[in-house]
Amino acid sequence: MTTAQPAVKNEKKDLIKVEHLKKYFPVRGGLFQKVVGWVQAVDDVSFTIKEGETLGMVGESGCGKTTVGRTMLRLVEPTGGSVKFGDTDVFSLRGTELKELRRKMQIIFQDPYSSLDPRMPIGESVMEGLKIHGIGTQRERFELVIETLRKVGLEDYHARRYPHEFSGGQRQRIGIARALALNPDFIVCDEPVSALDVSIQSQVLNILKDLQQNLNLTYLFIAHNLSVVEHISDRVAVMYLGKMVELTYRDELFRNPLHPYTQALMSAIPIADPKVKRQHIILKGDVPSPLNPPKGCRFHPRCPIAVDICGEEEPEFKELYPGHWVACWRAE
């Protein structure tokens, strides 16, 4: 295993600071629907995102990536922990203060079709946030909508069309436009390209990168596809069963993954050369249930290098090298 190189210092300040974030969902049963257990969707997750940065977040389905994003935005209420936007404690806000903050923190949903009203022209959908926040006159709002649609590569006349008249890629552009309409500082991109063709994925990713440069946006980019994450991210966080297991700079992660789960994910990335063969790491067993996660390291039942301590004590999420955090007893 190669030695990690010191990370390049980033002088930009933290825009988002997440500390010990938890989100448990109750499981109810019986005649009176009493709580019989808790699904530990997100359990003690901490990270920061700097101004203008893209933090990629990857992991298997059900690992808690989307729940992290939605909890940060208060679309679902947290069980514990804190999220700070600049100096503002997001979880302490109520009413008008929370409404004002929502202008600065937006989300692009995974499925744009289900998040758009089929009976509303897309111009009205994009304008909805402007109306709710009382921004401008009707004419000014319409001009803002047209300007925003142009930013994502759509035409003026598209504002009068309905969602079913667009392709998947165009609908995702509409979703991006709706997130941009309020001129936010931070956007959660919840698997924005996973349902698109590969050729359309690159177009949408390039739009997101261009908008970030032009508008100084900050992204939390949630995805399954590691190749997509490598293309767009500055740093990458890897999650497994509600826990963050590794976090570092993109180039460092792809060059020197330290956690065995990250190594298994990397081994599954296809190589565009039939002559080059990669040694695949096949994980045994299935992902445990977040309703009853295993003791110790949550990955140890499937880990090819697990030792006794892995099943007894939970490893600390610590910085082994400058900017490279990992939670694994064997990483050193």
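I began with F299, which counts as buried at 1% relative accessibility, where buried means under 20% relative accessible area, exposed over 50% and partly exposed in between, with a 1.4 Å probe and protein chains only. I noted that this is a predicted model, in which local features need pLDDT of at least 70 and side-chain atom pairs count only at pLDDT 80 or more, while totals for chains, interfaces and linings use all residues. Residues are numbered from 1 along each chain as its sequence is written, and side-chain values use heavy atoms, with hydrogens and water left out.

Next I looked up aromatic pairs, meaning rings of Phe, Tyr and Trp (its six-membered ring) with centres within 6.5 Å, where planes under 30 degrees apart count as stacked, over 60 as edge-to-face and the rest as tilted. The count comes to 4 aromatic pairs.

I then turned to the nonpolar cores, each a set of buried Ala, Val, Leu, Ile, Met, Phe, Trp, Tyr and Cys residues joined through side-chain atoms within 4.5 Å. The largest has 53 residues, and I176 is among those that touch the most other members. Leaving out residues up to four places away in sequence, I176 touches I108, V152, V204, L208 and L211, a contact being heavy atoms within 4.5 Å. Another core, of 31 residues, lies apart from it and includes M105 and L220.

I followed I108 into strand 6 (residues 105-108), where M105 and I107 point one way and Q106 and I108 the other, and all are buried. Strand 6 runs parallel to strand 7 and is joined to it by 4 bridges, and I108 has C189 as its bridge partner there; two strands pair if DSSP finds at least two bridges between them.

Last, I checked backbone angles, bearing in mind that most residues other than glycine have a negative phi. D44, in strand 2 (residues 34-50), has a positive phi near 65° and is partly exposed at 34%. E191 has a positive phi near 50° but is buried at 6%.

Definitions and conventions. Helix = DSSP H or I, 4+ residues; strand = E, 2+ residues; numbered from the N terminus.
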